[in-house]
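Welcome! Take a moment to turn the model around on your screen, and then let us walk through a few of its features together.

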Amino acid sequence: MKRIKIAPSLLACDFSRLSEEIKAVESAGADLLHIDVMDGRFVPNITIGQPVVSCIRKTTKLPLDVHLMIVEPMDHIKSFIDTGADIITVHLEACSHLHKAIAMIKDAGVNAGVSLNPATPVVMLKDIIEELYLVLIMTVNPGFGGQKFIHSTLKKIKELDTIRHELGTSALIEVDGGITAQNSDAVVKAGADIIVAGTAVFGAKSYKDVINRMKSVLT
């Protein structure tokens with residue numbers, strides 16, 4: 001039986017109480033913190049940059065899972081490494097030289113991830129997946145929190161799980177977008193190892209109850 005990890009997405013927290021929110025999900029059993037960096041170009045929204053990530057690093061010892069939803073990510077990888085990120089994930093759709101971007105991240109001693117939008121087939125990662133710490137499957141179109149889960153992405157998770165087992169790679173499957181305590185079972189059973197949850201956690205009365213519920217799925 002595998003242990004499911006939960007990565008609360010800080011995009012959904014109360015930023016006026018950022019430090020308190022981080023401490024609250026730490027106490028509730030979060031395994032890592034998911035940080036969405038958006039530039040208003042690759043996705044329509046704009047969120048946070050390096051100074052805020054640096055402040056988050058000072059606030060917690062949890063691993064920081066930095067998701068770059070930006071164009072030309074190679075121009076910014078080093079600066080996000082310098083913030084203390086433990087994982088940096090770039091989008092396949094935003095990288096013209098994906099292998100080079102992954103090498104930049106790994107050469108700095110940071111775990112590398114690649115994210116796929118809902119319409120991007122997982123087979124496009126077959127030649128690079130053995131270089132990755134994780135693959136992030138987007139189950140909504142990226143850019144905003146609180147969107148509805150796209151159920152057709154479940155087959156992508158299953159397909160990716162099959163590919164990694166065929167290749168014998170240890171790459172983890174992370175899933176992000178519209179995941180709730182009600183649909184997390186299906187996501188985990190499809191092959192997910194890490195669940196990113198924003199509104200489902202920060203919109204709940206008890207962060208601990210939601211996190212425990214998501215971790216309780218048996219495979």
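Is Cys13 buried or exposed? Cys13 counts as buried, because its relative accessibility is 9%. Please keep in mind that this is a predicted model.

**The cysteines**

Cys95 is buried too, with a relative accessible area of 13%. The two values are set out here:

| Residue | Relative accessibility |
|---|---|
| Cys13 | 9%, buried |
| Cys95 | 13%, buried |

What does a search for disulfides find? Across the whole structure, the search turns up 0 disulfides. For Cys13, the closest cysteine sulfur belongs to Cys55 and lies 13 Å away, so the distance is too far for a bond. A disulfide would need the two sulfur atoms within 2.5 Å.

**The sheet**

Now for the strands. Strands of a sheet pair through backbone hydrogen bonds, either parallel or antiparallel. In this model, 8 strands form an open sheet with parallel pairing, and their order is S1-S8-S7-S6-S5-S4-S3-S2. At the edges are strand S1 (5-8) and strand S2 (33-38), each of which pairs on one side only. From one strand to the next, the twist averages 25 degrees.

For a look at one pair, find strand S7 (residues 172-176) and strand S8 (residues 194-197), which pair in the parallel sense over 3 bridges. Here Val175 stands opposite Ile195 in S8.

Helix H8 (residues 207-215) packs on the sheet, where it touches S1 and S8. The direction of helix H8 makes about 140 degrees with that of S1.

Notes
Residues numbered from 1 in each chain as written. Predicted model: local features only at pLDDT ≥ 70, side-chain atom pairs only at ≥ 80, totals over all residues. Heavy atoms only, no water. Pairing = 2+ DSSP bridges. Helix = DSSP H or I, 4+ residues; strand = E, 2+ residues; numbered from the N terminus. Axes fitted to C-alpha atoms, helices over the stretch in contact; angles between N-to-C directions. Contact = heavy atoms within 4.5 Å. Buried < 20%, exposed > 50% of the residue type's maximum accessible area, 1.4 Å probe, protein only.
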